[in-house]
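This report looks at one helix and at some ring contacts in a protein model. Please keep the sequence and the structure in view while reading.

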Amino acid sequence: MVEKILDTAGQKGTGKWTGINALDFGIPLTLITESVFARCVSAFKDQRVAASRLFNKEIGKVEGDKKVWVEAVRRALLASKIISYAQGFMLIREASEQFGWDINYGNTALLWREGCIIRSRFLGNIRDAYEANPYLVFLGSDPYFKDILENCLADWRKVVAKSVEIGLPVPCMASAITFLDGYTSARLPANLLQAQRDYFGAHTYERTDKARGEFFHTNWTGRGGNTASTTYDV
């Protein structure tokens with residue numbers, strides 16, 4: 001039956017609204033936004049058919065034990081779901097702090113147990129995590145969820161890498177592991193990005209050898225004088 005359903009996904013707007021809120025609050029809600037974009041891509045049915053012919057697109061085959069791959073996909077999906085919940089609670093926490101809502105995150109998780117599209121078997125575990133630490137910033141740092149993420153990591157990477165290799169789009173799984181890799185990196189290449197921002201827009205930058213909150217500007221071309229943009233974040 002599933003194969004007879006046209007591969008164009010509709011949407012009512014909840015994902016879009018959530019993504020807009022995340023951007024407004026500066027929260028990297030990558031899985032929900034990627035899922036919205038994936039639906040948008042699916043809606044380009046005629047264009048996709050034409051492009052598949054133009055590029056002679058074919059999904060490659062996966063070699064190996066099917067049962068092993070199915071289990072790897074299951075583990076990759078589980079880890080990705082945890083990241084999605086973690087990002088969602090990051091957004092809820094930011095909104096709660098900005099609006100003074102004083103939300104009980106554990107009780108919030110239990111609200112989704114029935115009659116909700118985001119209900120999950122581990123909502124009780126999420127409640128336990130926030131009861132143990134009401135100030136938990138990242139759900140993945142809770143011992144229970146950290147253990148799952150670490151145990152699933154190898155299969156997660158394998159599934160995403162193989163999908164890219166054979167040309168199978170997995171935007172949410174790929175986005176989830178990319179987020180975790182970024183979030184757990186003590187140093188990122190954003191220093192180059194900030195240098196570029198200072199070069200083309202005089203947006204200034206902080207330095208690793210100076211205190212946080214102190215901003216600098218470099219006259220990269222020798223023609224800009226001392227003009228600098230204000231130090232603001234959207």
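Q87 is placed in helix α4, residues 66-99. Helices here are DSSP runs of H or I with at least four residues, strands are runs of E with at least two, and both are numbered from the N terminus. The model is predicted, so local features need pLDDT of at least 70 and side-chain atom pairs count only at pLDDT 80 or more, while totals for chains, interfaces and linings use all residues. Residues are numbered from 1 along each chain as its sequence is written, and side-chain values use heavy atoms, with hydrogens and water left out.

Q87 counts as buried because its relative accessibility is 1%. Buried means under 20% relative accessible area, exposed over 50%, and partly exposed in between, with a 1.4 Å probe and protein chains only. The side chain of Q87 makes a polar contact of 2.8 Å with the side chain of T30. A polar contact is a pair of N or O atoms within 3.5 Å; within protein, one must be able to donate a hydrogen and the other to accept it, and residues adjacent in sequence count only if both atoms are side-chain atoms. Apart from neighbours within four places in sequence, Q87 is in contact (heavy atoms within 4.5 Å) with I27, P28, L29, T30, L31 and F179.

At the start of α4, a side-chain oxygen of D65 comes to within 2.9 Å of the backbone nitrogen of K67. Just after α4, G100 has a positive phi of about 70°.

The structure also holds 12 aromatic pairs. Rings of Phe, Tyr and Trp (its six-membered ring) pair if their centres lie within 6.5 Å; planes under 30 degrees apart count as stacked, over 60 as edge-to-face and the rest as tilted. Two of the pairs are listed below.

| Pair | Type | Centre to centre | Angle between planes |
|---|---|---|---|
| Y105 and Y130 | tilted | 5.4 Å | 45° |
| Y144 and F145 | edge-to-face | 5.0 Å | 85° |

The pair of Y105 in helix α5 (residues 105-111) and Y130 in helix α6 (residues 123-132) links distant parts of the chain, 25 residues apart. Both Y105 and Y130 are buried. Y144 counts as partly exposed because its relative accessibility is 40%, whereas F145, at 0%, counts as buried. Y144 and F145 form one aromatic cluster with Y85 and F122.
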